[in-house]
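Below are my notes on the model you sent.

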Amino acid sequence: MYDFKPDETLEPAELHRQLCDAADALTANESDGVANMANVAALIWEFVPRLNWAGFYRVVRNETEKELVLGPFVGRPACIRIPIGQGVCGTAASTGETQLVADVHAFPGHIACDAASQSEVVVPVKRGGEVIAVIDCDSPELDRFSKDDVHGFEKLASILSDRI
């Protein structure tokens with residue numbers, strides 16, 4: 001059994017450092033990508049306060065194109081498929097760039113899976129320069145996520161690039 005519990009008084013940069021250390025420890029010797037995404041979604045939920053959704057969307061090729069398909073997460077039921085280029089997750093997948101959104105209602109084409117979500121950060125996970133998944137975190141607070149969160153989630157994505 002694992003018991004990763006952060007100190008609630010940590011500064012965001014230190015919280016993310018500890019989150020990355022925990023994710024590294026949990027995923028280093030596990031080859032199953034789904035298991036690794038599930039554990040990391042749970043870690044994000046434990047470490048990052050004031051979230052209403054945390055998890056992954058995977059890039060999957062269907063008959064004619066790629067799309068994002070729901071992966072392991074913690075939170076309310078979510079949209080199952082998101083076209084590449086649509087919404088915050090689809091934009092991160094198509095551009096390969098982190099999306100930091102202070103107010104999701106101001107984001108053109110935002111896809112509302114949970115009406116309680118007010119802000120969002122989506123970080124692409126890349127392998128060999130290609131986006132293979134995105135880490136998606138939503139909050140019921142406007143402007144919840146900071147540059148420290150972005151840097152922390154980008155480091156986490158780097159750790160996971162060969163483990164999911």
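1. The count of salt bridges comes to eight, a salt bridge being a side-chain nitrogen of Lys or Arg within 4 Å of a carboxyl oxygen of Asp or Glu. The model is predicted, so local features need pLDDT of at least 70 and side-chain atom pairs count only at pLDDT 80 or more, while totals for chains, interfaces and linings use all residues. Residues are numbered from 1 along each chain as its sequence is written, and side-chain values use heavy atoms, with hydrogens and water left out.

2. One of the salt bridges joins Arg163 and Asp24, at 2.7 Å from N to O. This pair links distant parts of the chain: Asp24 belongs to helix 1 (residues 12–27) and Arg163 to the segment after helix 4 (147–160), 139 residues apart. Helices (H or I, at least four residues) and strands (E, at least two) are DSSP runs, numbered from the N terminus. Arg163 is partly exposed, with a relative accessible area of 22%, and Asp24 is partly exposed at 32%. For these labels, buried means under 20% relative accessible area, exposed over 50%, and partly exposed in between (1.4 Å probe, protein chains only).

3. Glu67 and Arg81 form another salt bridge, with their closest N and O atoms 2.6 Å apart. Glu67 is in strand 2 and Arg81 is in strand 3 (residues 81–83), so the pair ties together parts that are 14 residues apart in sequence.

4. Between Asp162 and Arg127 the closest N and O atoms are 3.8 Å apart, and the pair counts as a salt bridge. Asp162 sits in the segment after helix 4 and Arg127 in strand 5 (residues 119–127), 35 residues apart. Asp162 is exposed at 63% relative accessibility; Arg127 is partly exposed at 35%. Elsewhere, a network of salt bridges links Glu14, Arg17 and Asp21.

5. Six strands make an open sheet in the order 3-2-1-6-5-4, with antiparallel pairing. Two strands are taken to pair if DSSP finds at least two bridges between them. Strand 3 and strand 4 (99–101) are at the edges with a single partner strand each, so one side of each has no neighbour in the sheet. From one strand to the next, the twist averages 25 degrees. Axes here are lines fitted to C-alpha atoms, for helices over the stretch in contact, and angles run from 0 to 180 degrees between N-to-C directions.

6. Strand 4 pairs with strand 5 in the antiparallel sense over three bridges. Val101 has Glu120 of strand 5 as its bridge partner. Helix 3 (residues 87–95) packs on the sheet and touches strand 1, strand 2, strand 3, strand 4, strand 5 and strand 6, where contact means heavy atoms within 4.5 Å. The direction of helix 3 makes about 30 degrees with that of strand 5. Helix 4 lies across strand 1, strand 4, strand 5 and strand 6, and runs at about 30 degrees to strand 5.

7. There are two aromatic pairs in the structure. Rings of Phe, Tyr and Trp (its six-membered ring) pair if their centres lie within 6.5 Å; planes under 30 degrees apart count as stacked, over 60 as edge-to-face and the rest as tilted. Trp53 and Tyr57 are stacked, at 5.9 Å centre to centre and 20 degrees between the planes. The rings of Trp53 and Phe73 have centres 5.0 Å apart and planes at 15 degrees, so this pair is stacked. Trp53 in strand 1 (residues 53–61) and Phe73 in strand 2 (residues 66–75) are 20 residues apart. Trp53 is buried at 4% relative accessibility, Tyr57 is buried at 2%, and Phe73 is partly exposed at 29%. Ring pairs link Trp53, Tyr57 and Phe73 into a cluster.

8. Asp136 deserves a separate look. This residue is in strand 6 (residues 130–139). Asp136 is buried yet has no salt bridge, and the nearest side chain of opposite charge, Arg144, is 12 Å away. Lys and Arg count as positive here and Asp and Glu as negative; His and the chain ends are not counted. Leaving out residues up to four places away in sequence, Asp136 touches Trp53, Ala54, Gly55, Tyr57, Cys89, Glu120, Val121 and Val122.
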